[in-house]
Amino acid sequence: MTSWRVLIVGSSALVASSCAPPTAITVDVFTEVDCAENAEVSLTIAPDLLSLASRAPSSTTRGCIEPGRAGNVVIAPADDREKPLAFAIATRVDEGSIEECLTSPLPSGCIVARRQLRFSPNQELPMRVDLRIACQGIECPAEQTCVKGACVPAEVEPERCVGGCDEATLPAPACPLGEIHLLQEFTRYFTTRIIRTSGGLIAAWRILQSDQSATLHVQPLAEGGAPSGPPWPPISSAQGSTGFLLGYDGAGVAVVYDDAGAMILQKLDLEGNVLEGPTSITTMYGLHSQVMAWSGTRFGLSGSVDLDEYFFTMDASGALGPPEFIDIAQGNIGVPAWNGTSFALPWWDIAAGGCHVSFFSAEGTPSGMAKRVGAESCVRPHLSPHPEGWNYVYEVDDRIEYVLLDAQGDPITAPVTISPPDGKVYGTPRSIPLESGKTWVTFREGLGALGDFYATLLVRGDVVLQAARYLGAAAVSRHEVAVQGDRVNLVYEGHPPAGGPEGVYSTVLCGGSAP
């Protein structure tokens, strides 16, 4: 039976030991958990990563020996022979038992770091392990560990540890998360949008004030999601909601918002200067769309009149085309998309059963029959163009499913579940086509005010990157995404992973390349 000597050095709970034996690993544990929390930290050892979940902690301690540092531990084989080793360092920021931090599903208050390697005869290997807030509640597969909010292989190659081993010597995550940028701090109710233009990305958000006036803010973004230059002058309305539409027609940014019952169009150039408007375009519709798809001649929009749902188009000057009725008894309408030849509109109807998709020409006239997609319990679909037709994602029985449709709305692939099989509730799916032909799907846990953000990568109907929880312990209420090349740009409402003010945040998924 494999056995080890465990010597805790510099712990707040145990006295320092003698020097490490000739064949040993010295693990220095750093933590981002506030030392004032006096959080428990455990070490669990096993012959391999898969066995860790069945082992009890070999030792535990509490608090820090200095700010940001929990202590260090020396691990050595009992007989000084070369042999495999896996270990896990865990901490927990809530009141639960730390022994649950190696179980599945992972408790939301746990932070776990795993490593696997072999002892080298007559060698000492210094190793640093970081317990990061970005990894709080992130459950990685047994063979992986969490690094800065992403899951990576946990096996350490000692030959890469020149001068010591830390998380930088582990393989890079399959899809790293970029730096998170605060765009604006506030606590009032708000809504975000993001679009791609020829000059780069534009993020926008609208804040509803206590007097029911609303202010719309627009901020250009640089690569990586950081603000690029100053924000554009805000657009104010005397009375409105948080809802608004954002689009780009190749010449300027179109913003449609409500003010005292009227829908107002304002056109801006890529420097934020007013090109046209504000102009009242209608008092008839309540508009649903979030980002307006541009066909080259007209925008595609969705809206309602007296609880009836419609699809219609709008030219660059704000002139609306004739509305097309969508027969929905009990459900709602989604966001139209354009694939180069037609508009597609996703919608769902509980009374009729299931999700559907309707098609329209560039001028807004119906094209063919609406098609039903997914199971009868399907709700809240989202679609985006794909080289073979359409990406279609939706909620069904608390999980997220994906299916690839052809240009006429018929399934090419069978539906595939892409949310984790952990029994939790997932919603708000978004599909994002990449120039490579792959598709990102993002969604969040829960349907309440705040939840965790997830993303997965597909090629047609095959999952090539399993759904992973991103943004660490960030709380996300709503999110929108845009893509440049294979870089996914995310704008969300909520809190950052390490704690901080409520507001609008921006970041990048995959930092420039997808696997």
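**Sheets, salt bridges and a cavity in a predicted model**

Two strands are taken to pair if DSSP finds at least two bridges between them, and strands (E, at least two residues) are DSSP runs numbered from the N terminus. The structure is a predicted model, in which local features need pLDDT of at least 70 and side-chain atom pairs count only at pLDDT 80 or more, whereas totals for chains, interfaces and linings use all residues. Residues are numbered from 1 along each chain as its sequence is written, and side-chain values use heavy atoms, with hydrogens and water left out.

Within this sheet, strand 31 (residues 389-396) runs antiparallel to strand 32 and is joined to it by 8 bridges. Val396 has Arg399 of strand 32 as its bridge partner. Another open sheet of 4 strands has the order 34-35-36-37, and its pairing is antiparallel. Its edges are strand 34 (426-433) and strand 37 (462-470), each with a single partner strand, so one side of each is left without a neighbour in the sheet. From one strand to the next, the twist averages 20 degrees; axes are lines fitted to C-alpha atoms, and angles run from 0 to 180 degrees between N-to-C directions. Strand 35 (residues 439-445) and strand 36 (residues 453-459) are antiparallel and are joined by 6 bridges. In this pair, Phe443 is bridged to Tyr454 of strand 36.

Strand 2 (residues 24-31) has 7 of its 8 residues buried, so it is largely enclosed by the rest of the structure. Here, buried means under 20% relative accessible area, exposed over 50%, and partly exposed in between (1.4 Å probe, protein chains only). Strand 2 pairs in the parallel sense with strand 8 (residues 124-131) over 8 bridges, and the bridge partner of Val27 in strand 8 is Met127. Strand 2 also runs antiparallel to strand 5 (residues 69-77), to which 6 bridges join it; Asp28 has Asn72 as its bridge partner in strand 5. Elsewhere, Pro278 is found in strand 19 (residues 274-282) and counts as exposed, at 53% relative accessibility. Pro278 and Leu265 are 13 residues apart in sequence, with their C-alpha atoms 5.5 Å apart in space.

The structure holds 18 salt bridges, a salt bridge being a side-chain nitrogen of Lys or Arg within 4 Å of a carboxyl oxygen of Asp or Glu. One of them links Glu40 and Arg62, whose closest N and O atoms are 3.7 Å apart. Glu40 lies in strand 3 (residues 40-46) and Arg62 in strand 4 (residues 59-62), so the pair ties together parts that are 22 residues apart in sequence. Arg62 is partly exposed, with a relative accessible area of 42%.

A salt bridge is also formed by the side chains of Asp249 and Lys267, at 3.0 Å from N to O. Asp249 lies in the loop between strand 16 (244-248) and strand 17 (253-259), while Lys267 belongs to strand 18 (residues 262-268), so this pair ties together parts that are 18 residues apart in sequence. Asp249 counts as buried at 12% relative accessibility, and Lys267 is buried with a relative accessible area of 5%.

In the salt bridge between Lys371 and Asp410, the closest N and O atoms are 3.1 Å apart. Lys371 lies in strand 29 (residues 371-373) and Asp410 in the loop between strand 32 (399-406) and strand 33 (416-417), so parts that are 39 residues apart in sequence are tied together. Lys371 is partly exposed at 23% relative accessible area, as is Asp410 at 33%. A network of salt bridges links Glu32, Arg128, Asp130, Arg132 and Glu167.

The model contains 2 cavities of 30 Å³ or more. A cavity is a set of points, on a 1 Å grid over the protein atoms alone, where a 1.4 Å probe fits but cannot get out, and lining residues have an atom within 4 Å of a point. Grid points are joined across faces, edges and corners, and a volume is the space filled by probe spheres set on the points. The second largest cavity has a volume of about 50 Å³. Its lining consists of Thr31, Val33, Asp34, Cys35, Ala39, Val41, Gly63, Cys64 and Thr91. These lining residues divide into 5 nonpolar, 3 polar and 1 charged, where Ala, Val, Leu, Ile, Met, Phe, Trp, Tyr, Cys and Pro count as nonpolar, Asp, Glu, Lys and Arg as charged, and the others, Gly among them, as polar.

Key
1 Å grid on protein atoms, 1.4 Å probe; cavity = no way out; pocket = protein on both sides within 12 Å on 5 of 7 lines; lining within 4 Å.
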